[in-house]
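Thank you all for coming.

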Amino acid sequence: MSELGLTILGICLIFLATSLGSGIVFFFKKELNGKLNTLFLGFASGVMIAASIWSLLVPSIEQASNYGSYSFIPAAIGFLIGGLFLVLIDKLVPHFHRANNKEEGIKTHLKKPIKMFLAVTIHNIPEGLAVGFAFGAAAVINQYSSYIAALSLAIGIAIQNIPEGLAVSLPMVNETKSKWKAFLYGIGSGIVEPIFAIVGYFLASNLSSIQPWFLSFAAGAMIFVVVEDLIPETHLSSYPHYGTWGLMLGFVIMMILDVALG
């Protein structure tokens, strides 16, 4: 497959995986049981942590070699800026966290399903950016192996997007009383991923001098989501050990993907 083909595949894959996961709602008569839901949350956390390290932070440091002994600066500062970016979005976008029954963002009269939808959509932004930045970096390096490494990141995120899509659509059935509406909400939450992936791709490929900052920015945003929302949600459940083992499994799978393909 050509480099362009790999890029298109990677960007489409993350959206298709979310859509696939959302479609599973038609085969469920009730919500996920607590153990499985906690396992999925932990798994997503593990994938995102491993992806942040091997696919984003390590390349960020490597690509900042012109900084000499200070090559850690773009990784460190970009990482923190990524976290601050998510703080800003949390403060501005109205959304609802179902696990702790908590609302955040600007106060509005939006209905609860919309706020639940926005909560997950926010989480998908850094995932899309991460994939876009990775393929943008590959375009600058212009080596086939770098495209394969970017594809490994997209595959890892796509794997965790399947249960994530289901986790979005299932609760929506109770709120909307319609599996079709719940399915569409799930698809909608994933649309931001290819959109921000394209944005990330063009930023990273056209502003190559600050590429290390982009990569670490995406890593910081993803880690913020993990620490702020996903891990606490696993420990709000009655089965925290399932979340822990899910995280370890997700971390190992993403690490294997990145090392094997990267």
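Let me begin with a contact surface, where Asn 37, Phe 40, Phe 43, Ala 44, Val 47, Met 48, Ala 51, Ser 55 and Leu 56 of H2 meet Leu 153, Gly 156, Ile 157, Ile 159, Gln 160, Pro 163 and Ala 167 of H5. Please keep in mind throughout that this is a predicted model.

How are H2 and H5 oriented to each other? Their axes are 10 Å apart, and the two helices pack at an angle of about 160 degrees. Since angles over 145 degrees count as roughly antiparallel, H2 and H5 are therefore described as roughly antiparallel to each other, and their crossing is left-handed.

Two of the residues I named, Leu 56 and Leu 153, also belong to the largest nonpolar core, which has 49 residues, and they are among those with the most contacts inside it, together with Val 131, Phe 133, Phe 135, Leu 230 and Met 254. The elements that give two or more residues to this core are helices H1, H2, H3, H4, H5, H6, H7 and H8, and the most comes from H7, with 12 residues. There is also a second, separate core of 12 residues, which includes Leu 118, Ala 182, Tyr 185 and Ile 187.

Let me turn now to the aromatic rings, for which the count comes to 8 pairs. In the case of Phe 133 and Phe 214, the ring centres are 5.0 Å apart and the planes are at 15 degrees, so the pair is stacked. This pair links distant parts of the chain, with Phe 133 in helix H4 and Phe 214 in helix H7, 81 residues apart. Phe 133 counts as buried, at 2% relative accessibility, and Phe 214 is buried as well, with a relative accessible area of 13%. Elsewhere, one aromatic cluster is formed by Phe 26, Trp 180 and Phe 183.

Finally, I would point to Ser 216, which lies in helix H7 and is buried, with a relative accessible area of 0%. Apart from neighbours within four places in sequence, Ser 216 is in contact with Leu 57, Ser 60, Pro 74, Ala 75, Gly 78 and Phe 79.

Methods
Residues numbered from 1 in each chain as written. Predicted model: local features only at pLDDT ≥ 70, side-chain atom pairs only at ≥ 80, totals over all residues. Heavy atoms only, no water. Core = buried A, V, L, I, M, F, W, Y, C linked by side-chain atoms within 4.5 Å. Buried < 20%, exposed > 50% of the residue type's maximum accessible area, 1.4 Å probe, protein only. Helix = DSSP H or I, 4+ residues; strand = E, 2+ residues; numbered from the N terminus. Phe/Tyr/Trp six-rings, centres within 6.5 Å; stacked < 30°, edge-to-face > 60°. Contact = heavy atoms within 4.5 Å. Axes fitted to C-alpha atoms, helices over the stretch in contact; angles between N-to-C directions. Parallel < 35°, antiparallel > 145°, perpendicular 65-115°, else oblique. Left-handed = near helix turned anticlockwise from the far one by under 90°.
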